[in-house]
Amino acid sequence: MGAITVEPVADKRDFNAFVDFAYEINADDPNWVPPLRAEVVELLTPGKNPFHEHAKVQLFVARRDGKVVGRISAHYDELALTQPPEQGMGPGTGNWGLFEAEDEAVAHALIARAEQWLREQSMTRVLAPISLSIWEEPGLLVRGFDHPPMVMMGHNRPEYEAWVESAGYALAKRLLTYDLPVEHGFPEIVNRIVASGERNEKIRIRTMEKKHLAREVGIVVKILNDAWSANWGFVPFTETEISYAAKKLAPMIIEDVNMVAEYEGEPVAFMLSLPDVNALLKPMNGKLFPFNWAKLLWWLRNPQSHGFRVPLMGVVTRLQSSRLASQLAFMMIEHIRRSAVAKHGARRAEVGWILDDNQGMIAIAEVIEGRINREYRIYSKDL
């Protein structure tokens with residue numbers, strides 16, 4: 001076998017090789033969902049993805065005998081550097097991600113090159129893989145290879161776990177997703193909690209209004225930045241990122257499965273739910289043209305999906321230790337369940353990711369009979 005070279009992406013040829021390699025190496029995996037290529041290009045392009053406004057990113061491609069055999073991104077987020085170190089990020093913390101490798105030797109060469117670049121940027125520690133931000137696809141899949149990921153979740157080869165750990169990386173955090181059946185409702189104890197809340201005149205669970213999307217996004221982000229501010233790995237959204245996320249998610253926002261909870265007239269909690277567009281994207285192999293764009297547009301008009309994912313929820317900090325917080329969570333997820341089943345054909349839902357030490361959310365997932373179906377790990381290493 002020839003020598004491995006790892007070089008920075010320097011031109012359009014390298015960039016295309018970086019993007020295309022993921023499709024090549026995962027082509028035989030029946031559970032890998034090819035992302036839309038245009039979405040990947042946008043993710044990586046400064047001026048299109050606002051993450052680049054406060055981050056520095058370098059892409060690398062590995063070759064052996066002229067053939068592309070791996071890729072990796074090395075990057076750091078200036079906003080993450082300002083966070084308290086006890087919350088995971090903090091000064092000197094860089095990342096690598098978008099990792100794909102043909103074998104262990106390539107994996108180690110890629111990781112070593114990413115580490116070298118991070119040292120050159122004065123980083124002293126790595127948290128990885130994170131692709132590219134904590135809000136996108138964090139973590140390495142280590143459990144749940146037997147089924148495709150839901151919308152906005154990653155999937156990778158099972159060999160990567162051993163390759164990353166053998167490069168000197170230690171577990172920093174586990175991210176869990178919970179699978180639950182939704183067709184026939186939740187346990188009676190949940191029904192009683194929900195019914196009690198529905199009798200409380202101070203509580204209102206309402207759907208989000210797409211005609212006032214900017215207002216609704218503002219409410220969600222305000223609650224999110226408050227509710228998640230003490231969470232491990234938290235990095236706040238910028239105003240530009242808020243607008244960008246709203247535009248990107250707007251086509252998938254279905255009013256009757258996205259909820260805001262109000263208490264005494266004030267928004268205090270939210271829960272987002274997305275139809276599993278991955279089931280539609282999988283056979284498209286990353287391409288919208290010539291006809292896939294029409295299929296996607298038609299589906300988005302009235303999504304019918306067996307699966308829904310709850311990627312985000314939040315309750316304002318001042319209520320988080322109260323019984324009201326869990327009641328609001330149960331009420332929102334039950335209201336989402338009713339609409340998703342009756343109007344959109346839902347049979348199952350996936351909740352997460354959830355940090356492995358978030359006992360409140362884990363307890364809620366277990367009470368509604370959720371079972372862990374996927375586990376992702378973020379690793380750390382001192383440089």
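## Helix α10 and its end

Helices here are DSSP runs of H or I with at least four residues, numbered from the N terminus. The model is predicted, so that local features need pLDDT of at least 70 and side-chain atom pairs count only at pLDDT 80 or more, while totals for chains, interfaces and linings use all residues. Residues are numbered from 1 along each chain as its sequence is written, and side-chain values use heavy atoms, with hydrogens and water left out.

Helix α10 covers residues 323-344 and spans 31 Å from its first C-alpha to its last, close to the 32 Å expected at 1.5 Å a residue, where the expected span is 1.5 Å times one less than the number of residues. Of its 22 residues, 16 are buried, so α10 is largely enclosed by the rest of the structure; buried means under 20% relative accessible area, with a 1.4 Å probe and protein chains only. Gly345, which follows α10, has a positive phi, near 75°.

Ile223 lies in helix α6 (residues 213-227) and, at 3% relative accessibility, counts as buried. Leaving aside neighbours within four places in sequence, Ile223 is in contact (heavy atoms within 4.5 Å) with residues including Pro267, Phe270 and Val316. The C-alpha atoms of Ile223 and Thr317 are separated by 8.5 Å, although these residues are 94 residues apart along the chain.

Notes:
Helices (H or I, at least four residues) and strands (E, at least two) are DSSP runs, numbered from the N terminus. Buried means under 20% relative accessible area, exposed over 50%, partly exposed in between (1.4 Å probe, protein chains only).
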